Amino acid sequence: MAVIDLSQHNFDETIDNNEIVILDFWAPWCGPCLQFTPTFEDASEKINDATFAKVNTEEEQFLGTRFGVRSIPTLMIFRQGIRIFSQSGSLSIKDMQDLIKKAKDLDMEVVRKELAEKS
């Protein structure tokens, strides 16, 4: 599956209309981001259980601010529209597979209940 480029215009729709989305917040001047790109793209071809998307923080500063991205690359996972994972730095394909399996195994009713209790 191809990696989707996200902007303010298609971000919410992509998050809302896909069960699991793994995001890579990056910038074109970021060396570690550029080194991670082939791994992320390769993972998108090998892992069918998630939608892979990238946010260029240089062009989409609003999204970086909205999600509190302070360093890049930053990876996030959303399930059923809820952010369930966020970490700065890159991951291996195996680590992404493991995280997606954990994301699928989450009881989202429990997650929603915990979020409601916090707010």
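This is a predicted model: local features need pLDDT of at least 70, side-chain atom pairs count only at pLDDT 80 or more; totals for chains, interfaces and linings use all residues.
Before the close-ups, one term: a residue is called buried when its relative accessible area is under 20%, exposed when over 50% and partly exposed in between, using a 1.4 Å probe and protein chains only. With that in hand, strand 3 is mostly covered, as six of its six residues are buried. Residues are numbered from 1 along each chain as its sequence is written, and side-chain values use heavy atoms, with hydrogens and water left out.

**View 1. The whole protein, from end to end.** Five helices and five strands make up the protein, and from the N terminus on they follow the order β-α-β-α-β-α-β-β-α-α. The radius of gyration is 14 Å, close to the 14 Å that the globule rule gives for 119 residues, so the protein is as compact as a globular protein of that length. Here the radius is taken over C-alpha atoms, and the rule is 2.2 Å times the number of residues to the power 0.38. Along the principal axes, the C-alpha atoms fill a box of roughly 40 × 30 × 25 Å. Of the 119 residues, 44% are buried. Among contacts with a separation of 6 or more, 71% are between residues 24 or more positions apart; contact means heavy atoms within 4.5 Å. Helices (H or I, at least four residues) and strands (E, at least two) are DSSP runs, numbered from the N terminus.

View 2. The five strands form an open sheet in the order 1-3-2-4-5, with mixed pairing. Its edges are strand 1 (4-6) and strand 5 (82-88), each of which pairs on one side only. On average, neighbouring strands are turned by 25 degrees against each other, direction ignored. Two strands count as paired if DSSP finds at least two bridges between them. Strand 1 and strand 3 are parallel and share three bridges, with Leu 6 partnered by Val 55 of strand 3. Strand 2 runs parallel to strand 3, joined by six bridges, and antiparallel to strand 4, also joined by six bridges. On the strand 4 side, Ile 22 stands opposite Ile 77.

**View 3. Strand 3 and its residue Asn 56.** In a regular strand the side chains alternate between the two faces of the sheet. Thr 51, Ala 53 and Val 55 point one way from strand 3, Phe 52, Lys 54 and Asn 56 point the other way, and all are buried. Asn 56 counts as buried because its relative accessibility is 11%. Trp 26 stands opposite Asn 56. Leaving aside residues up to four places away in sequence, Asn 56 touches Trp 26, Ala 27 and Pro 28.

**View 4. Helix 2 and its bend.** The 16 residues of helix 2 (residues 31-46) should span 22 Å at 1.5 Å a residue, and the end C-alpha atoms are 24 Å apart, which agrees. The expected span is 1.5 Å times one less than the number of residues. Helix 2 bends by about 35 degrees at Thr 37, and a proline, Pro 38, follows within four residues. That bend is the angle between axes fitted to the seven residues ending there and the seven starting there. Cys 33, Phe 36, Thr 37, Phe 40, Ala 43 and Ser 44 are the buried residues of helix 2. Their packing partners are strand 2 (20-26), strand 3 (51-56), strand 4 (74-79) and helix 4 (93-105).

**View 5. Helices 4 and 5 across the sheet.** Helix 4 lies across strand 2, strand 3, strand 4 and strand 5, at about 30 degrees to strand 4. Helix 5 (residues 108-118) lies across strand 4 and strand 5, at about 85 degrees to strand 5. For these angles, axes are lines fitted to C-alpha atoms, for helices over the stretch in contact, and angles run from 0 to 180 degrees between N-to-C directions.

**View 6. Three loops to zoom in on.** The peptide bond from Ile 72 to Pro 73 is cis, with omega near 0 degrees, and Pro 73 sits in the loop between helix 3 (61-66) and strand 4. Ser 90, in the loop between strand 5 and helix 4, is partly exposed at 44% relative accessible area. Not counting residues up to four places away in sequence, Ser 90 touches Phe 36, Pro 73 and Leu 75. Gln 80 belongs to the loop between strand 4 and strand 5; its phi is near 50 degrees, a positive value in a residue other than glycine.
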